[in-house]
Amino acid sequence: MLDQVRQFIEEHQLFSPTTDPLLVAVSGGIDSVALADVLHKLGVQFAIAHCHFGLRGEEADADEDFVRKLAKKYDVPYFAEFFQTKAFAEEEGISTQMAARVLRYEWFERLRQTQQLSYIATAHHQRDAAETMLLNLTHGTGLAGLHGIPAKNGYIVRPLLGIGKEELFDYVVERRLTWREDSSNDSTTYQRNRLRHDVMPVLRDINPNLDQTLQYTAERVGGAEEIVRRYVADTAAQAQTVEDEVTYLSIVRLQATAAVALVLHELLRPFNFSYLVVKDIVAAFKAPAGRQFESPTHTLVKDRDQLVITRKNLARFGTHQLMVGQPELIADGLRLTATLREAEGFTIPRGRNETALDADRLQFPLTVRRWQDGDWFMPIGMKGKKKLSDFLIDQKVPLNLKEDVRVLVNADGRIAWVIGHRPDERYKVTPETEQVLVLRASKA
């Protein structure tokens, strides 16, 4: 199987195994465990990223622990993110599965950039592509949906896409690899699981080579899509401008194209707008300025003669972790640097954006997140605890700035520092302190 994967990488020019470092998405399931092992055997440099969506309790905690140990086994960097998935899904009015997808890929891309990695690798294989193609067809789809899962999509690569599920299973058994089973994969509550367990077996009775047949069909559809893509690229060159992460689309230029809704849907695909919403956007071309449209990741406003697209702030639904020995963490516009110092002769800093904590009282990983209702800590100099909401009122933090206040949380769940405001009494430097962790916060 290693030769097959190596050939697939070369044939589709996914990345250079010798020079391109990857961020590998690992859930702990059989597919992602196989991917990590294959890349390791091929000598690819990579880091592992694991998402905890807060949906499966202790089972998800055990998954995270398993993947952390897997990263240690391969001696590669490890990153974990803990999302407030249900809160995001409810706020955006989307399914939990869609919310998880949006949150993880947005985090993967931020992580890829901050860690200076070349590509994001996922463990999708041939059967996943077949299921996706049929699921898209069931929901109604354009050309992109009919080619299933592309081998390469921007910075996302899928080295196992040419491998069958049976081959993957044989590989992990031969290599004596262990993996985690996700109990939600057996639930037919999810549409993909219903397709996988109830529909696909019937179709395979009709065509035992169904996965491969759909792969060949997807390749032909991909060729047709390439023709459309070039037309869309020409339109984008004339209609689209980007300034300070804001995208502008000229309505006049769009109206001059053939099949306006189709072209606009392709232009808005990176921003996750559905075709139905795109049709509403086209219908609003002649409407007064100010109409607003939402996708899970972006907001689009119809101005007088242009469409204005901005990114939503998704990072507030996640957390960021500082590992032991990690010198710097970039988290949603915040840069946090960490330096370990000997306590002897150390002078405690006095600036608001800098603090010193007793390193021996800290338990890693430390977590950076936005404050939440119910948070409390013991402000240094006080003996009792105080609600963080009350503390911010006492500090006269303006209402529109409160949501940006972040906290550094010890691994035991206790707040060690309200960043930019006050450390916690329980982690202060004392005469008994031997090592000091110096933390500095600034804009990224």
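User: Helices here are DSSP runs of H or I, at least four residues, and strands are runs of E, at least two, both numbered from the N terminus. So where is Lys-396 found?

Analyst: Lys-396 is in the loop between α14 (388–394) and α15 (399–402). This is a predicted model, where local features need pLDDT of at least 70, side-chain atom pairs need 80 or more, and totals for chains, interfaces and linings use all residues. Residues are numbered from 1 along each chain as its sequence is written, and side-chain values use heavy atoms, without hydrogens or water.

User: What is phi of Lys-396 near?

Analyst: Near 60°. That is a positive value in a residue other than glycine.

User: Is Lys-396 buried or exposed?

Analyst: Exposed, at 73% relative accessibility. The cut-offs are under 20% relative accessible area for buried, over 50% for exposed and partly exposed in between, with a 1.4 Å probe and protein chains only.

User: And what about phi of Arg-176?

Analyst: Positive, about 55°, and Arg-176 is not a glycine either. Arg-176 lies in the loop between α8 and α9. Arg-176 is exposed, at 75% relative accessibility.

User: Which residues does the cis peptide bond join?

Analyst: Phe-364 and Pro-365, with omega about 0°. Pro-365 sits in the loop between β15 (354–358) and β16 (366–370).

User: Switching to helices. At what angle do α10 and α12 cross?

Analyst: Roughly 85°. The axes of α10 (residues 210–239) and α12 (residues 260–268) come within 10 Å. Axes are lines fitted to C-alpha atoms over the stretch in contact, and angles run from 0 to 180 degrees between N-to-C directions. The two helices are therefore roughly perpendicular; that label covers 65 to 115 degrees, with under 35 roughly parallel, over 145 roughly antiparallel and the rest oblique.

User: Which residues meet there?

Analyst: From α10, Glu-225, Tyr-231, Val-232, Thr-235 and Ala-236. From α12, Val-263, Glu-266 and Leu-267. Contact means heavy atoms within 4.5 Å. The residues of this contact divide into five nonpolar, one polar and two charged. Nonpolar covers Ala, Val, Leu, Ile, Met, Phe, Trp, Tyr, Cys and Pro, charged covers Asp, Glu, Lys and Arg, and the others, Gly among them, are polar.

User: Now rings. How many aromatic pairs?

Analyst: Eight. Rings of Phe, Tyr and Trp (its six-membered ring) pair if their centres lie within 6.5 Å, with planes under 30 degrees apart stacked, over 60 edge-to-face and the rest tilted. Tyr-119 and Tyr-155 make a tilted pair, 6.3 Å centre to centre and 45° between the planes. Tyr-119 is in strand β4 (residues 119–121) and Tyr-155 in the loop between β5 (152–153) and β6 (156–157), so this pair ties together parts 36 residues apart in sequence.

User: How accessible is Tyr-119? And Tyr-155?

Analyst: Tyr-119 is buried, at 17%. Tyr-155 is partly exposed, at 44%.

User: What kind of pair do Phe-169 and Trp-179 form?

Analyst: Edge-to-face, at 6.3 Å centre to centre and 75° between the planes. Phe-169 is in helix α8 (residues 165–174) and Trp-179 in the loop between α8 and α9 (191–206), ten residues apart. Phe-169 is partly exposed at 42%, and Trp-179 is partly exposed at 26%.

User: Which residues form the aromatic cluster?

Analyst: Phe-53, Phe-83, Tyr-105, Trp-107 and Phe-108.

User: Back to Tyr-155. Which charged end sits over the ring?

Analyst: That of Arg-112, 3.5 Å from the ring centre. The rule is NZ of Lys or CZ of Arg within 6 Å of the centre and within 35 degrees of the ring normal. Lys-385 also lies over a ring face, that of Trp-376, at 4.6 Å from the ring centre.
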